[in-house]
Amino acid sequence: MFKVKFADIGEGLTEGTVQEIYIKIGDVVKMGDPLFNVETDKVTSDIFAPTDGAISKINVEQGLEIKVGDVVVEIDDGKESEVSQDVESKVEEVKVEEIKVEEVKVEEVKVEVESVSPSTSNENQNNLVWATPLARKTAKQLGIDISLVTPTGKGGKTLLADVENYNKAPSQVFVTSTLEQKPQKDYSNPLIDVPSFDNTLTFSSMPMNQVRKATIKAMERSHSEIAAFTGMRNLNVTELVKLRTQLKEHANNLNIKLTYLAFIVKAVALCLKQFPNINSRINKEKNTTDFVNQINIGIACDTPEGLMVPVIKDADKLSVYQLAIKINELSVKAKNKSLSMKEISGASFTVTNFGSVGLEYATPIINFPESAILGLGVIKKEPAVKNQEIIIQDIMPISISADHRIIDGADAGRFLISLENYLINPATLLI
């Protein structure tokens, strides 16, 4: 009895998946007949019979993963003593002459090329077609009975070229012109030159302004002293878009620039009253969590000088229209570099609108010593399912970065849910 083992196929690959089994129990095989096809990360290979005999046991099945050393099949070679031997698999491009057997333990097993019986047809005496996997795949795709193809490979193996040549035969009238292969274009000698660059890096320097210096200092401190995490959620703001459209003309008549930000700041202020732990900060000297009694919301503004954060004091005490007025006033001052120190200090929570520059998601950096910051993405119309129907909704992605030392992920999640409830019913913001 001869036990065939799956051998090391090189390239550091130690396992493979059985793609196709060519034999069945009782089949009589000759040394060199293909037994299995195995796919690894890098190659697709056939495993060949190392001896003559009858297949007595098959230990694998299609789709099964096998490892080096596994006994994949047993061949009754007529000998009483049990022989176990690894058999190398061969990549389909490897020629048959290179088939070899390692660590031969019985003289009869030693394989010479001449022992592999060549055949003038592509069927051996067991009616097994010996072909490369690619030839089989192509024949299947073209609807060709591979047993009718005349093999030209070593030992009577059917190659891809054999299938293609068969496919081009005049008698195969079912082949359509779209399957004909075009001549391969040679791209190795392009007719234009490509310059080669390998210059050392050079720089053009510009002194940092104070805003940039302050930004660097604040961001470094935030990263070094805050354990931040970011949660994200898509909010349905369809009703908010409708309400703002209804009120926009009325606001214009009052010389008020009514933006979505005014509604959102109002909603944030109400949420901060509901979740005071979001409107807090750590006092490491006293080992306390300090809840801020005021709700002062910083508004991150993109200016030619850099990022500036003016503050709306007691935002929870202002109406949506009043917030719109403050937002416009502070934004204009930020761009004109006319903000006072009082107007850029004392924030307890910050809102940054990266949607104004087209971003959907971001992970905003907390403005130290605050404990959280809310980022707003661009509002976009997107399809959604409601009552088993596809509808169009206005969706705004939002991100909240929070100090995980004092704000749990669940707290951040509940804060965003509450925020969405206000924005789904924006009329409540006008009460």
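# A walk through loops, cores and a helix pair

Leaving out residues up to four places away in sequence, Met208 touches Lys213 and Ile216, where a contact means heavy atoms within 4.5 Å. This is a predicted model, in which local features need pLDDT of at least 70 and side-chain atom pairs count only at pLDDT 80 or more, while totals for chains, interfaces and linings use all residues. Residues are numbered from 1 along each chain as its sequence is written, and side-chain values use heavy atoms, with hydrogens and water left out.

Met208 sits in the loop between α2 (160-168) and α3 (210-225). Helices (H or I, at least four residues) and strands (E, at least two) are DSSP runs, numbered from the N terminus. Which residue lies 97 residues from Met208 in sequence and 9.9 Å from it in space, C-alpha to C-alpha? That residue is Glu305.

## The protein as a whole

The protein contains seven helices and 20 strands. Of its 431 residues, 41% count as buried. Here buried means under 20% relative accessible area, exposed means over 50%, and partly exposed lies in between (1.4 Å probe, protein chains only). Among contacts in the protein with a separation of 6 or more, 63% come from residues 24 or more positions apart.

## Two nonpolar cores

A nonpolar core is a set of buried Ala, Val, Leu, Ile, Met, Phe, Trp, Tyr and Cys residues joined through side-chain atoms within 4.5 Å. The largest one has 54 residues, and Val268, Ile297, Leu374, Phe415 and Leu423 have the most contacts inside it. Helix α5 (residues 260-274) gives the most to this core, contributing ten residues. Setting aside residues up to four places away in sequence, Val268 touches Ile297, Phe349, Val351, Leu374, Phe415 and Leu419. There is also a second, separate core of 17 residues, which includes Ile23, Val29, Leu35 and Val73.

## How α5 meets α6

Two packed helices are described by the angle between their axes and the distance between the axes. For α5 and helix α6 (residues 320-336), the axes come within 8 Å and cross at roughly 115°. These axes are lines fitted to C-alpha atoms, for helices over the stretch in contact, with angles running from 0 to 180 degrees between N-to-C directions. On the α5 side the contact is made by Leu261, Ala262, Phe263, Val265 and Lys266, and on the α6 side by Val320, Leu323, Ala324 and Ile327. Sorted by class, the contact has eight nonpolar, no polar and one charged residues. For this sorting, Ala, Val, Leu, Ile, Met, Phe, Trp, Tyr, Cys and Pro count as nonpolar, Asp, Glu, Lys and Arg as charged, and the others, Gly among them, as polar.

## Helix α1 and Thr138

In helix α1 (residues 133-142), the residues Pro133, Ala135, Arg136, Thr138, Ala139 and Leu142 are buried. Neighbours within four places in sequence aside, Thr138 is in contact with Leu160 and Val163. Just after α1, Gly143 takes a positive phi of about 70°.

## Backbone points to check by eye

Most residues other than glycine have a negative phi, and most peptide bonds are trans. Asn287, in the loop between β12 (280-283) and β13 (288-291), has a positive phi of about 55° although it is not a glycine. Lys337, found in the loop between α6 and β17, likewise has a positive phi, of about 60°, without being a glycine. Which residues does a cis peptide bond join? The cis bond links Phe368 and Pro369, with omega about 5°. Pro369 belongs to the loop between β17 (349-352) and β18 (372-376).

## Glu61 and a set of accessibilities

Glu61 lies in the loop between β6 (53-58) and β7 (65-67). Apart from neighbours within four places in sequence, Glu61 is in contact with Val18 and Ile21. Its C-alpha atom is 8.6 Å from that of Gln19, 42 residues away along the chain.

| Residue | Relative accessible area and class |
|---|---|
| Glu61 | 53%, exposed |
| Thr138 | 13%, buried |
| Met208 | 47%, partly exposed |
| Asn287 | 71%, exposed |
| Lys337 | 56%, exposed |
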